[in-house]
Structures are given as structure tokens and as C-alpha cells.
Amino acid sequence: MKYLTEEKLTIVGAGGAIGSNMAQTALMLGLTPNICLYDIFEPGVHGVAEEMRHCGFEGANVTWTTDPKEAFTNAKFIISSGGAPRKEGMTREDLLKGNCQIAAQFGDYVKEYCPDVKHIVVIFNPADVTALTALIHSGLSADKLTSLAALDSTRLQSNLAREFGVPQSSVTGAHTYGGHGEQMAVFASKVKVDGKPLAEMGLSAERMAEIKQETIQGGSAIIKLRGRSSFQSPAYCSVKMIEAAMGGTPFTLPAGTYVNTPEFKNVFMAMPTTIDATGVHYVQPTGTEEEMAALQASYEHLCKMRQEIIDLGIVPPVEEWKSLNANL
């Protein structure tokens, strides 16, 4: 089997449902034979490693460990799902304190054991601030770390495809920006269905408002249906992100990235992005007045969450970030 690279991919939180799906997806897509599974829960991560071996992937070199030094040393690519999952009735923001403390330790491990890592994808919630925390603590340049935000866009695309009875791939331009949470900004003005602008599809404003709400509550709906938070979709999307960073097909769905512009300062937020072998690159989104107002409101919500982790002492005040990360 020909792999995209021989470089080490470390999957953090590999003993869980998301992590085990990421391991299998990475091997099925032929990203790298050298995958290290890391988790603090020994039976879980050991079991995932055994399952991967039982799959019989050709040429695979799957290792597992509960030791962060072993996991992170020489890692060139990392995906981390190593936080607590959402449970029914919880928002992503409810996870803030505990998961941001985990993200700070994760960033510290990166700085200590693999400062030359090429790309990291952070996917545990609230992803906007866990990724920001990890970046500050890691010392990495901002183009080397992204967070998972694409699910919001694929959920919007899915909802519109179902509404019009077309294949999901027939819906283009369905994107969400800003925060990956209840305050996401849904951009639908550039959507096309089978090449036809959404504005010409006869969708009422009331129904579009319902679809937006269904998109925002997409993760909660999965929890109600399955009794647990999403694991297959975040696993697949995050592996496709790291595949792009390895030199595969560029990833063009919105990703969470560090943004510091005159409009949006010192936050992690979903933007129009491209991930490729040179890192993540973004441009400013454009939309209707209503969409841009929603993006501004989402940004303000992100600033409030940022202040929470500053007040908790998990990261220093913005003006002191360079003390931890000279690249910011």
C-alpha cells in the first residue's frame, strides 16, 4: 500500500470513539503507516490499537502509549480529541474550564516534545478556545494549528439538500463562520442548489430561519438521537484536514484559525480557509449586512469566552501572550 507520507501522526484521545474512528479513517485513506495512539485510559487505547491490528492494514505500524513524552516526541502531525465530550443538555461552552485546562497541558507537551510539528488539528469543545489555548501554550506559529469547524457547514449543506431533495454535493456555498457553537454565523447568501441561487428557490424567510436553527442545533440533535455526541463526522473531517496538511487534496471547508485583523483581534474563529502543505490560509468573509452582523456578534461572544479563560488563569492577558508564544 502506498501512503501519503511516512511521518508520524499522533492521535490524542485515541481511546475514545472519535479517536478510534480517526485512527481507522487515517489508515483507510492511506495517510501514513506510522500512527501513535495516545490516551490516559490504558484499556481503551490498548483496545483501539488491537482493533487496528485486527483490520490488517498493509504496512501499518500502529503503536499506543499512555506516556505523553513517547506520544509527542517526533510527531509531525497531531489530531487531538482529548477532552471531555458533550452530554445531553450541555452546550459546547459548558465544557470550557476543564477542557481548556487540558488544552493548556496539550500545548505544553507540544512545546516540550515536538516543537517542529508541522500541523495540529484540535477538535474538542469549545474548539474555538481550546485551540486558542493550545496555540498560546505550544509556541507554534498560527498557520500550524487549526480547529474543526467544518461540521457546521456540512450540517447546513445537509439540511438544505434534504429540504430540496437533492444530493448533498449539489448544494454549494453553504458555510458558517465565526464561533463553533450556539453563536455561529450562518452565511447562506452565496448558496446554490444545482447551480441555482438559493434566493431563486422559493424558500420562505421563516423556513430558512428554521434551517439555520437546525444547523446550529445539529450537534445536540445527534446527542438526542444516539445518546452521545458526534464521533464519525468529526473524525472524518479532522482526518481530511490533516490529510491536506500532509500534502493531500487541499481542505477548503471553513476551519477554525487564529485571526488578528483590525476587525477581529486575537481570537480563534471559522473563516474562509484553505489548508495545504504550507499550513492554513484565510481570507475575510463577505456577505449580506445581516450575515456580517451575525459574524460580529459571534466574534463578541468569542471575546467573552477568551476573557473567561484569562480570568481563570489558563492563559495570560492578551498583551502577555508573547511570553508564552513569541509567534503571536
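**View 1. The axes of helix 1 (residues 17-28) and helix 2 (residues 42-55) come within 10 Å of each other and cross at roughly 25°.** This is a predicted model, in which local features need pLDDT of at least 70 and side-chain atom pairs count only at pLDDT 80 or more, while totals for chains, interfaces and linings use all residues. Residues are numbered from 1 along each chain as its sequence is written, and side-chain values use heavy atoms, with hydrogens and water left out. Helices are DSSP runs (H or I, at least four residues) numbered from the N terminus. Axes are lines fitted to C-alpha atoms, for helices over the stretch in contact, with angles from 0 to 180 degrees between N-to-C directions. Helix 1 and helix 2 are therefore roughly parallel, a term for angles under 35 degrees.

**View 2. Residues S20, A23, Q24 and L27 of helix 1 meet V48, M52 and C55 of helix 2.** Contact means heavy atoms within 4.5 Å. The residues of this contact comprise 5 nonpolar, 2 polar and no charged. Ala, Val, Leu, Ile, Met, Phe, Trp, Tyr, Cys and Pro count as nonpolar, Asp, Glu, Lys and Arg as charged, and the others, Gly among them, as polar.

**View 3. Seventeen residues, written 17, line the second largest pocket, with R155, S158, G218, I222 and S233 nearest its centre.** Helix 6 (150-164), helix 8 (218-226) and helix 9 (232-245) are the elements that each give two or more residues to this lining. Helix 6 supplies the largest share, 6 residues. The lining of the second largest pocket divides into 5 nonpolar, 8 polar and 4 charged residues.

Conventions
Angles under 35 degrees count as roughly parallel, over 145 as roughly antiparallel, 65 to 115 as roughly perpendicular and the rest as oblique. On a 1 Å grid over the protein atoms alone, a cavity is a set of points where a 1.4 Å probe fits but cannot get out, and a pocket is an open set with protein on both sides within 12 Å along at least five of seven lines; lining residues have an atom within 4 Å of a point.
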